[in-house]
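Please study the sequence and the structure before reading each solution.

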Amino acid sequence: AVIRITSLTIIVLSIPVGMLTDVVIGLIVAFIGLFMIFYPEMDLKGKANGKRNELEAEIPRFLDLLQTALYLNMPVEQAILITCNNMDGVISNELKESIAQSQISVSGWQTVLQDLALLYDVDTFTELILDMITSYDKGASISESVSRKAKDIRQSHLLRVKEKASRTTTTILLPVVLFKIIPMLAFLCIPMYIQIKNGL
């Protein structure tokens, strides 16, 4: 709020500054004020996207560790806590806080994990939480649900890596074609063109 009030003050002051000194200086001052209004929001969005991407990148490792804990027939909350204690990052910190919150409140682990999934809005993470809750509610094996999800994520990750590799190959080939093959063809074709022209 303080930054926005300061920004608006700067924008208002840019009018007399422009009139008293120079229009260009007034426009620069106004631009600084506008930048100060939008920068905090852009900065927050950037940090939020960074945390979201970090959480998504940590999911495969988290699932691998969680599978092991669930195979030992631990309660879900305990399995998640043990998994989080064996790794570091956004996902472990957030899940530890959520489980701790569920233990001191009336709401169970299902509710706090759903809230966390809604907060981050990462499709993979949301699907994982919903699968775990559905399996728990139906009395099915959460371990099998997590294993299936881990397999799906590994396959989709592999497809993304292959797609990225093909895009990288295309990006590398384009400069080679433009700056190496085309000039070489031109270098070979010019003498032929001169000979044909002289022959005619």
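**Exercise 1.** At what angle do helix H5 and helix H6 pack, and how far apart are their axes?

*Solution.* The model is a predicted one.
Step 1. Two packed helices are described by the angle between their axes and the distance between the axes.
Step 2. For H5 (residues 109–120) and H6 (residues 123–138), the angle is about 165° and the axes lie 9 Å apart.
Step 3. Angles over 145 degrees count as roughly antiparallel, and therefore H5 is roughly antiparallel to H6.
Step 4. The contact involves residues of both helices, including Trp-109 and Leu-113 of H5 and Phe-125 and Ile-129 of H6.
Step 5. By class, the contact of H5 with H6 has 10 nonpolar, 3 polar and 1 charged residues.

**Exercise 2.** Describe how helix H3 and helix H4 cross.

*Solution.* 
Step 1. The axes of H3 (residues 76–85) and H4 (residues 90–104) come within 9 Å and cross at roughly 145°.
Step 2. This crossing of H3 and H4 is left-handed.
Step 3. Among the contact residues are Ile-80 and Leu-81 of H3, together with Leu-95 and Ile-99 of H4.
Step 4. The contact of H3 with H4 comprises 6 nonpolar, 3 polar and 2 charged residues.

**Exercise 3.** Which residues line the largest cavity?

*Solution.* 
Step 1. The count gives 1 cavity of 30 Å³ or more.
Step 2. The largest cavity has a volume of about 30 Å³.
Step 3. Its lining consists of Pro-60, Leu-63, Asp-64, Ala-150, Ile-153 and Arg-154.
Step 4. Helix H2 (23–71) and helix H7 (142–199) each give two or more residues to this lining.
Step 5. The lining of the largest cavity has 4 nonpolar, no polar and 2 charged residues.

Terms used
Residues are numbered from 1 along each chain as its sequence is written. This is a predicted model: local features need pLDDT of at least 70, side-chain atom pairs count only at pLDDT 80 or more; totals for chains, interfaces and linings use all residues. Side-chain values use heavy atoms; hydrogens and water are left out. Axes are lines fitted to C-alpha atoms, for helices over the stretch in contact, and angles run from 0 to 180 degrees between N-to-C directions. Helices (H or I, at least four residues) and strands (E, at least two) are DSSP runs, numbered from the N terminus. Angles under 35 degrees count as roughly parallel, over 145 as roughly antiparallel, 65 to 115 as roughly perpendicular and the rest as oblique. Contact means heavy atoms within 4.5 Å. Ala, Val, Leu, Ile, Met, Phe, Trp, Tyr, Cys and Pro count as nonpolar, Asp, Glu, Lys and Arg as charged, and the others, Gly among them, as polar. A crossing is left-handed if the near helix is turned anticlockwise from the far one by less than a right angle, and right-handed if clockwise. On a 1 Å grid over the protein atoms alone, a cavity is a set of points where a 1.4 Å probe fits but cannot get out, and a pocket is an open set with protein on both sides within 12 Å along at least five of seven lines; lining residues have an atom within 4 Å of a point. Grid points are joined across faces, edges and corners, and a volume is the space filled by probe spheres set on the points.
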